Amino acid sequence: MFKEINIKDVKENFVDLLAKQWGLVTAGKADGFNTMTVSWGAIGELWGKDMATIYIRPQRYTEEFLNANDYFTLSFYPADKKQALGICGTKSGRDIDKVKETGLTPCFDEAAPYFEEAKLVLICRKLAKGKFNPEEIIDPNIIPDNYPINDFHYIYYGEIEKVLISE
């Protein structure tokens with residue numbers, strides 16, 4: 001069971017959630033969706049709206065679902081689900097059934113799927129998409145350290161329309 005809360009009432013530290021605990025970004029519909037682990041992202045304010053930004057490499061299967069849908073979710077999990085998040089970050093939905101492999105239970109009662117096991121879910125409406133431009137990256141170490149094959153991330157900007165926490 002989940003209840004809706006205001007984003008300003010979230011007690012979790014989003015930097016810790018993303019960088020250390022990880023989360024899942026999920027997009028699609030009941031007849032086709034994919035999820036992947038995210039550890040890079042940002043939560044804040046942009047254009048007068050509560051926003052989430054996520055960074056997705058162009059070869060990721062989830063990127064197809066992000067492009068085809070107006071909504072995505074960011075969801076965060078208790079520590080005992082870290083192994084499932086590891087599977088979602090190292091295996092492609094093109095090759096495996098992530099739901100079957102992880103034991104996570106999808107929910108389809110919102111504009112984008114998420115999983116029953118989540119402790120926190122952000123329902124986001126996609127507002128914009130960009131891409132890192134290598135000519136605009138100032139620090140000379142970023143490209144060799146993060147983009148050895150020049151697969152620069154797409155940036156998805158989503159307005160956080162709803163926040164759910166598990167009860």
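Before anything else, a word on terms: helices (H or I, at least four residues) and strands (E, at least two) are DSSP runs, numbered from the N terminus. With that in hand, take Asp 95, which sits in the loop between helix 3 and helix 4 (98-102). Asp 95 counts as exposed because its relative accessibility is 65%; the cut-offs are under 20% relative accessible area for buried, over 50% for exposed, and partly exposed in between, with a 1.4 Å probe and protein chains only. Glu 117 is 22 residues from Asp 95 along the chain, and their C-alpha atoms are separated by 23 Å.

Okay, some housekeeping. What you're looking at is a predicted model, where local features need pLDDT of at least 70 and side-chain atom pairs count only at pLDDT 80 or more, while totals for chains, interfaces and linings use all residues. Residues are numbered from 1 along each chain as its sequence is written, and side-chain values use heavy atoms, with hydrogens and water left out.

So, the whole chain. We've got five helices and ten strands. The C-alpha trace spans about 45 × 40 × 30 Å along its principal axes. The radius of gyration, taken over C-alpha atoms, is compared with a globule rule of 2.2 Å times the number of residues to the power 0.38. For 167 residues a compact globule would come out near 15 Å, and the chain has 15 Å, so the two agree. Of those 167 residues, 40% count as buried.

What about contacts, meaning heavy atoms within 4.5 Å? Take the ones between residues at least 6 apart in sequence: 73% of them join residues at least 24 apart. Ile 5, in strand 1 (residues 2-5), gives us a case to look at. Leaving aside neighbours within four places in sequence, Ile 5 touches Val 10, Val 163 and Ile 165. Ile 5 and Ile 165 are 160 residues apart in sequence, yet 7.2 Å apart in space, C-alpha to C-alpha. And is Ile 5 buried or exposed? Buried, because its relative accessibility is 18%.

Asp 151 is another one to find on screen, in the loop between helix 5 (142-146) and strand 10 (154-166). Asp 151 is buried too, since its relative accessible area is 9%. Setting aside neighbours within four places in sequence, its contacts are Arg 57, Pro 58 and Gln 59.

Now, two tryptophans. Most residues other than glycine have a negative phi. Trp 22, though, has a positive phi of about 70°, and its place is the loop between helix 1 (14-21) and strand 2 (23-29). Trp 47 has a positive phi as well, about 55°, in the loop between strand 4 (41-46) and strand 5 (49-56). Trp 22 counts as partly exposed because its relative accessibility is 26%, whereas Trp 47 is exposed, at 53%.

Last stop, the lining of the largest pocket. A pocket here is an open set of points on a 1 Å grid over the protein atoms alone, where a 1.4 Å probe fits, with protein on both sides within 12 Å along at least five of seven lines; lining residues have an atom within 4 Å of a point. How many residues line the largest one? There are 13, and Met 36, Thr 37, Val 38, Ser 39 and Arg 60 lie nearest its centre. Strand 3 (32-38) and helix 3 (82-90) each supply at least two lining residues.

That's the tour, thanks.

How values were computed
Contact means heavy atoms within 4.5 Å.
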